[in-house]
Amino acid sequence: ELEVTLLRQTNRSHGRLCQRRPNLFSMRFAEPEGDEIVADGEFFWIRLASEAPDQVVQIPMADRPGGFDFYREFLEDPFEVYTVLEAGSEVVDGVATHAVRLEPRNPVDWRLATVWIDPAEQMIRKVSIVETNGSIRRILLSAIDLSPDLAPDFFDYQPPEGTTVVTVGGAPKDR
């Protein structure tokens, strides 16, 4: 869920998020269908077919070393990276969790996060991120499978035929 506070608008989506540490990531949406974010080890590929069906954004992963890793982002050395505050407890998707509020000590692309952690499984179940522009991104992780059967090329990405690839820091390329 993305709440764009400036526009008083909330957009909801759902899909499948997969991660293979250290640098492979995939978020492919069933709703809105065709939207996807994939990190293939070299680039982040962002296609928001619901908004710009003929465009794919390509961002070198060198701009964000290690890709996007929920564990690394929020749980690795949290007391060095964030001011950490207890934020209560909540049942999330039928699981008892503890919430922690994370305030970055150094500037990042967001200003506050609350993370709900399942202490029994030591897994993140929910994240709420207040972005620098004031928008609020909420992610609920459910039906967690720690050993999914993924095809070897699952994290490969090829922009659809006919799309324009916009490379951050580079010129558009037609596919």
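R12 is an exposed residue, with a relative accessible area of 59%. That puts R12 past the cut-off for "exposed", which is over 50%. This is a predicted model, so everything described here is computed from a prediction.

What does R12 pair with? Its side chain meets that of E1 in a salt bridge, at 3.0 Å from N to O. R12 sits in the loop between strand 2 (9-11) and strand 3 (14-20), while E1 belongs to the segment before strand 1 (2-4), so their pairing ties together parts that are 11 residues apart in sequence. E1 counts as partly exposed, at 27% relative accessibility.

## A link across the sequence

Now for E3 and R138. Their side chains also form a salt bridge, this one at 2.9 Å from N to O. E3 is in strand 1 and R138 is in strand 12 (residues 136-140), so this pair ties together parts that are 135 residues apart in sequence.

Are these two buried, exposed or in between? E3 is partly exposed, with a relative accessible area of 24%, and R138 counts as partly exposed too, at 28% relative accessibility.

Another salt bridge joins R28 and E36, whose closest N and O atoms are 3.5 Å apart. R28 counts as partly exposed at 25% relative accessibility, whereas E36 is buried, with a relative accessible area of 13%. The cut-off for "buried" is under 20%, so E36 falls on the buried side of it.

Which residues end up in one network through shared partners? They are E1, E3, R12 and R138, joined by salt bridges that share partners.

## Charges overall

Side chains of opposite charge can pair when their charged atoms come close. In this chain, the count comes to 8 salt bridges. The pairs described above, R12 with E1, E3 with R138 and R28 with E36, are among them.

## A look at Q55

Q55 is found in strand 7, which covers residues 55-60. Q55 is partly exposed, with a relative accessible area of 36%.

Which residues does Q55 touch, leaving aside those up to four places away in sequence? The list is I46, R47, T163, T164 and V166. For a sense of distance, take Q55 and A30: they are 25 residues apart in sequence, and their C-alpha atoms are 18 Å apart in space.

## The whole chain

Stepping back, the protein chain holds 2 helices and 14 strands. Its radius of gyration is 17 Å, close to the 16 Å that the globule rule gives for 175 residues, so the chain is as compact as a globular protein of that length. Along its principal axes, the C-alpha trace spans about 50 × 40 × 30 Å.

How much of the chain is buried? Buried residues make up 36% of the 175 residues. The accessible surface comes to about 10,700 Å², and carbon and sulfur atoms account for 50% of that. As for contacts between residues at least 6 apart in sequence, 33% join residues at least 24 apart.

Terms used:
Residues numbered from 1 in each chain as written. Predicted model: local features only at pLDDT ≥ 70, side-chain atom pairs only at ≥ 80, totals over all residues. Heavy atoms only, no water. Helix = DSSP H or I, 4+ residues; strand = E, 2+ residues; numbered from the N terminus. Rg over C-alpha atoms; globule rule 2.2 N^0.38 Å. Buried < 20%, exposed > 50% of the residue type's maximum accessible area, 1.4 Å probe, protein only. Contact = heavy atoms within 4.5 Å. Areas by Shrake-Rupley, 256 points an atom, 1.4 Å probe, with all protein chains shown as cover. Salt bridge = Lys/Arg side-chain N within 4 Å of Asp/Glu carboxyl O.
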